Amino acid sequence: MDHESMNVGKSTKEMPATFRKTAETFMAGEKTLPQRYFVSPEIFTKEQKIIFSTRWVCVGHQSQITKPGDYFTAKVVDESLIIVRDKGGELRSFYNVCRHRGTRLREDQNGHLSAIQCPYHAWTYGLDGRLLGAPHMDEVEGFDKADYSLHAVNLASWEGFIFVNLADSPTPLEKVFASLVAKFSHWNLPKLRSVKRIEYDLRANWKLIFENYSECYHCPGVHPALSKLTPYDSAENDLCEGPFLGGFMRITKGNSLTMSGNACALPVGDIQADDHHRVFYYSIFPNMLLSMHPDYVMVHQLWPQSPERTVVLCDWFFHPEAFDRADFHPNDAVEFWDMTNRQDWHVCELSQQGIASRAYRPGPYSPRETIPAGWDREYLRHME
């Protein structure tokens, strides 16, 4: 996305003079990050420790676990977690570790269960994490099941998306996300359902994916199909600093970003007049990319594996009432963005290869790359 520093829905002439000046000089002297941030194992370890172990990270959407007993597993840093809906309908998260001898409790990615039982010695836990049964442990003097509940992980929801935080006492998610309260409510994000997930394994540093997502300077050469549907220089941004960055681009050909150019489903929410011809792109630090189209929402989760490798999970969400209609064509959107994603992943991998060269030196950002530069500042604020 080509992010210029502009308020959503406002022309440059409507902006205060001080903001216009900021928009004009925002990029002066800013350069890409030094090589070590993309190749250093020490930097990667530090990121895992001070960013991914202490920030709220997106692990999924509430539609993945709709009924009591539904669960999925997620890997955050080096930890395996179980995210489950308990019998009262509450979402919970636990370390995937038995309190007996530390055995991994669940090996599968998702499913349904009435209780969580260890495959080794059959210690059994309720969906609320309480230890319910421990064979022969009643013979152990002083043993109390109440002392051996599963270790809980901080969990909170925002607009239907599930976030976890490995820190002992993190800042509450509602405080961290305070600036986004009600901002996206008309998109009905909690009600949407994913129709497709594709997992991509990239040979590129996770930061390159964020930076690529946040500008469309590259679009004319890399994304010919995308550029026919939305002008690469049409971006207007309302979030230009901090952990949440982005804005919209215009859709000028047809009604949607799909292979056909036509809408592929019912509108996802109460889309206002001009927004029927806009696609919104926001990055949510440190691992979520939120793309909102009139007829579907696409979400990427980024999971760094090493300095040179990132796993990306991409979901396409639609209004639940669209699923049974004759005009529901989700593959029209999935195929379009799978093609576009792979084009992005290819240039990200080329960037990783070039940055690893002894010839690499940080290069100057262009005026079309204000949001990547802003993302770098937020990243460095945490790292330094």
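This is a conversation about how the features of one predicted model get their names.

Biologist: What are the ground rules for this model?

Modeller: The model is predicted: local features need pLDDT of at least 70, side-chain atom pairs count only at pLDDT 80 or more, and totals for chains, interfaces and linings use all residues. Residues are numbered from 1 along each chain as its sequence is written, and side-chain values use heavy atoms, with hydrogens and water left out.

Biologist: What makes C216 and C219 a disulfide?

Modeller: A disulfide is a pair of cysteine sulfur atoms within 2.5 Å. The S to S distance of C216 and C219 is 1.7 Å. That pair therefore meets the cut-off. The count by this rule is 1 disulfide.

Biologist: Why is the disulfide of C216 and C219 called left-handed?

Modeller: Because the torsion about its S-S bond is about -105 degrees.

Biologist: What makes H136 exposed?

Modeller: H136 has 59% relative accessibility, so it counts as exposed. Its place is in the loop between β8 (131-133) and β9 (154-158). Helices (H or I, at least four residues) and strands (E, at least two) are DSSP runs, numbered from the N terminus.

Biologist: What is the phi of H136?

Modeller: Phi of H136 is near 70 degrees, a positive value in a residue other than glycine. A182 is not a glycine either, and has a positive phi of about 70 degrees. A182 lies in the loop between α4 (173-176) and β11 (193-202).

Biologist: Which residues does a cis peptide bond join?

Modeller: F285 and P286, with omega at about 10 degrees. P286 sits in the loop between β14 (278-284) and β15 (288-292).

Biologist: What makes α5 largely enclosed?

Modeller: 8 of the 8 residues of α5 are buried, so the rest of the structure largely encloses it. Among them are W206, L208 and Y213.

Biologist: How do α5 and α9 cross?

Modeller: The axes of α5 (residues 206-213) and α9 (residues 370-383) come within 8 Å and cross at roughly 145 degrees. Axes are lines fitted to C-alpha atoms, for helices over the stretch in contact, and angles run from 0 to 180 degrees between N-to-C directions.

Biologist: Which residues meet there?

Modeller: W206, K207, F210 and E211 in α5 meet P372, W375, D376 and Y379 in α9. By class, this contact has 5 nonpolar, no polar and 3 charged residues. Ala, Val, Leu, Ile, Met, Phe, Trp, Tyr, Cys and Pro count as nonpolar, Asp, Glu, Lys and Arg as charged, and the others, Gly among them, as polar.

Biologist: How many helices and strands does the chain have?

Modeller: The chain has 9 helices and 17 strands.

Biologist: Why is the chain called as compact as a globular protein of that length?

Modeller: Its radius of gyration is 22 Å, close to the 21 Å that the globule rule gives for 384 residues, so it is as compact as a globular protein of that length. The radius is taken over C-alpha atoms, and the rule is 2.2 Å times the number of residues to the power 0.38. Of the 384 residues, 52% count as buried.

Notes. Contact means heavy atoms within 4.5 Å. Buried means under 20% relative accessible area, exposed over 50%, partly exposed in between (1.4 Å probe, protein chains only).
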